[in-house]
Amino acid sequence: MKLKRMILPLVALAMLASGCTKEYVTFGSQLQTFRFNVTPSQWKVNEGAALPGSDNYLYCELDVPAIDNEVFDRGTVQAYVWNVYDVANNLGAWNPLPFVYPLELLVDNDEGGQSWIIVPENLRFEWEKGRVTLIIQDLDGYDPTSLTQTLSFKICVTRNL
């Protein structure tokens, strides 16, 4: 009697074990990082910037061939700008885009003198297959201030595996 009770579970276990195969499923991602130093001469003014009511901004297009169909459909792209916050000690940090930073400008005032104003600059990016476009735009709607220094950017492309 005991033997009959044990045979049925053993047969069922043997049938289950014989039909099993090991399958490995990997979840994860691959990250590629690209560095760009954008000089002042690489920035362009958008078409129609001088027309009333148009958006005024500077832009720079960067070729990033790693942004292919697979990344476009299932991956992601992130951009960072290197910002020096302490010039005296040469200290800086990577800041994720969009990044808004205050820009001090010396402007003429109504009394015939000059005064300092702070205009926030918005630095953002757009991406598409094979390309990242960096954009700088004043939040007051006027033309962005001309750049006089090279800016460093890091573009990170994540591909799902």
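Author: The search of the whole structure finds 3 salt bridges. A salt bridge here is a side-chain nitrogen of Lys or Arg within 4 Å of a carboxyl oxygen of Asp or Glu. Side chains of opposite charge can pair when their charged atoms come close.

Some ground rules come next. This is a predicted model, where local features need pLDDT of at least 70, side-chain atom pairs count only at pLDDT 80 or more, and totals for chains, interfaces and linings use all residues. Residues are numbered from 1 along each chain as its sequence is written, and side-chain values use heavy atoms, with hydrogens and water left out.

Take Arg131 and Glu61. They form a salt bridge, with 3.8 Å between the closest N and O atoms. Arg131 sits in strand 8 (residues 131–138) and Glu61 in strand 3 (residues 58–63), so this pair ties together parts 70 residues apart in sequence. Helices (H or I, at least four residues) and strands (E, at least two) are DSSP runs, numbered from the N terminus. Arg131 is partly exposed, at 31% relative accessibility. Glu61 is partly exposed too, with a relative accessible area of 39%. For these classes, buried means under 20% relative accessible area, exposed means over 50%, and partly exposed lies in between (1.4 Å probe, protein chains only).

Now Arg159. It forms a salt bridge with Asp68, the closest N and O atoms lying 3.0 Å apart. Arg159 belongs to strand 9 (residues 151–160), and Asp68 to the loop between strand 3 and helix 2 (69–74), so the pair ties together parts that are 91 residues apart in sequence. Arg159 counts as buried, at 12% relative accessibility. Asp68 is partly exposed, with a relative accessible area of 29%.

Glu70 also bridges to Arg159, and here the closest N and O atoms are 4.0 Å apart. Glu70 lies in helix 2 and Arg159 in strand 9, so parts 89 residues apart in sequence are tied together. Glu70 counts as partly exposed, at 31% relative accessibility.

Strand 1 pairs with strand 9 in the antiparallel sense over 10 bridges. Two strands pair if DSSP finds at least two bridges between them. Phe34 stands opposite Ile155 in strand 9.

Last, the whole chain. The protein chain has 2 helices and 9 strands. From the N terminus on, they run α-β-β-β-α-β-β-β-β-β-β. Of its 161 residues, 26% count as buried. Among contacts with a separation of 6 or more, residues 24 or more positions apart account for 59%; contact means heavy atoms within 4.5 Å.
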